[in-house]
Amino acid sequence: INGVSTHDSGVQLQLFPDFKLTSINPSSGPTTGRTVVHVFGTGFVDTFQYFCLFGLKRSKAEFKNSNELICESTFEAETGVRSFWICAGKGFCLESETHYNFTESLHVFHVTPKTGPISGGTEIDVTCNFPIG
C-alpha cells in the first residue's frame, strides 16, 4: 500500500469500504425489538458483512443496495434512547447522529364493538396503554 510491500511482514491488513451513514428510519420502536430499521448512507458494498449496534447490542444488517442496509432492533429491558452504530467487518463502526429510542410496547386492552358491517363506518372505542386520537 502506498508503495510499501506488506506481504512479507506477517501483518494482516483488512481494508474497509469507504461508507457513510446518513440516517435511520424509523428511529424508535418498542422494547420488544424486531422493528425493521432502514439504514441509509452511501458506499455500502454487497461483498462486506455489516451489523448494527443498538447501544451495545448487535444485530446483523442485510445489504439492500449501495445506499441502504436493513437490520432489526434488539430486545431492550428498559425504555430509553440508545446510540446507533453501523459496523463493517470486525469492528469498523460509524455512529449515527440520530439515536434509537426504545419505547413501551402498545397494549390493547379492550375494543368495542367487536363487530360491524363490512362497508365500514362503525366508530370503535379502543382502550390501551397509550392515548389515541
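Helices (H or I, at least four residues) and strands (E, at least two) are DSSP runs, numbered from the N terminus. The structure is a predicted model, in which local features need pLDDT of at least 70, side-chain atom pairs count only at pLDDT 80 or more, and totals for chains, interfaces and linings use all residues. Residues are numbered from 1 along each chain as its sequence is written, and side-chain values use heavy atoms, with hydrogens and water left out.

The bond from T112 to P113 is cis, with omega near -10°, and P113 is placed in the loop between β11 and β12 (125-128). The bond from N25 to P26 is likewise cis, with omega near 0°; P26 belongs to the loop between β1 (20-25) and β2 (28-30). A further backbone feature occurs at R34, which has a positive phi of about 65° although it is not a glycine. R34 lies in the loop between β2 and β3 (36-42) and is exposed, at 64% relative accessibility (buried means under 20% relative accessible area, exposed over 50%, partly exposed in between; 1.4 Å probe, protein chains only). Most residues other than glycine have a negative phi, and most peptide bonds are trans.

Contact denotes heavy atoms within 4.5 Å. With residues up to four places away in sequence not counted, V39 touches L21, S23, I24, F44, C52, N67, E68, L69, C71, F84 and I86.

E76 is located in the loop between β6 (68-72) and β7 (80-82). This residue is buried, with a relative accessible area of 9%.

V108 lies in strand β11 (residues 108-112) and is partly exposed, with a relative accessible area of 48%. Together with L106, I124 and V126, V108 forms a nonpolar patch on the surface.

Key
Patches are made of residues with over 30% relative accessible area and no salt bridge: like charges are joined within 9 Å, nonpolar side chains (Val, Leu, Ile, Met, Phe, Trp, Tyr) within 5 Å. Accessible areas come from the Shrake-Rupley method with a 1.4 Å probe; for residues, only the protein chains shown count as cover. A salt bridge is a side-chain nitrogen of Lys or Arg within 4 Å of a carboxyl oxygen of Asp or Glu.
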